[in-house]
Amino acid sequence: MALRDHEQHQLDEIERRLAQENPRLARRFEKFRPVPVVTFAAAAVGVLSVFLTGLVTLVVGFGMDSAPPIAVGAVLTTAIPLAIIWFYRCHWR
């Protein structure tokens with residue numbers, strides 16, 4: 001939806017004042033790009049699937065009483081989802 005001329009003029013004036021009063025904040029707004037819903041949903045599904053795979057591996061490892069599957073499950077359950085979240089958080093800023 002397009003803005004009316006008067007509204008666009010007001011918005012331009014607000015942006016100009018913001019750049020004068022707080023240039024650092026103005027630069028952050030210039031860099032801001034909203035995250036597409038599809039990208040966010042794909043990241044959420046990826047994190048959830050890795051987490052659930054790790055959880056199943058942990059349960060199987062405890063059932064077998066074997067350390068390697070428990071270690072793999074622990075890494076899949078904690079480290080990889082955290083790394084994915086950290087990666088996307090850094091790139092979404």
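Residues are numbered from 1 along each chain as its sequence is written. In this predicted model, local features need pLDDT of at least 70 and side-chain atom pairs count only at pLDDT 80 or more, while totals for chains, interfaces and linings use all residues, and side-chain values use heavy atoms, with hydrogens and water left out.

Colleague: How far apart are the end C-alpha atoms of helix 3?

Modeller: Helices here are DSSP runs of H or I with at least four residues, numbered from the N terminus, and strands are runs of E with at least two. The expected span is 1.5 Å times one less than the number of residues. Helix 3 has 28 residues (37-64), so it should span 40 Å, and this agrees with its end C-alpha atoms, which are apart by 40 Å.

Colleague: Which residues of helix 3 are buried?

Modeller: Buried means under 20% relative accessible area, exposed means over 50%, and partly exposed is in between (1.4 Å probe, protein chains only). By that rule, the buried residues of helix 3 are Ala43, Val47, Val50, Gly54, Thr57, Leu58 and Gly61.

Colleague: Which helix holds both Glu13 and Arg17?

Modeller: An α-helix has 3.6 residues a turn, so residues three or four places apart point the same way. Glu13 and Arg17 are four residues apart, about one turn, and both lie in helix 1.

Colleague: Is Arg24 buried or exposed?

Modeller: Arg24 sits in helix 2 (residues 23-31). Its relative accessible area is 63%, so Arg24 is exposed.

Colleague: Which residues gather with Arg24 in a patch of positive charge?

Modeller: Patch residues have over 30% relative accessible area and no salt bridge; like charges are joined within 9 Å, and nonpolar side chains (Val, Leu, Ile, Met, Phe, Trp, Tyr) within 5 Å. On the surface, Arg24 gathers with Arg27, Arg28 and Lys31.

Definitions and conventions. Accessible areas come from the Shrake-Rupley method with a 1.4 Å probe; for residues, only the protein chains shown count as cover. A salt bridge is a side-chain nitrogen of Lys or Arg within 4 Å of a carboxyl oxygen of Asp or Glu. Lys and Arg count as positive and Asp and Glu as negative; His and the chain ends are not counted. The place of a charge is taken as NZ of Lys, CZ of Arg, CG of Asp or CD of Glu.
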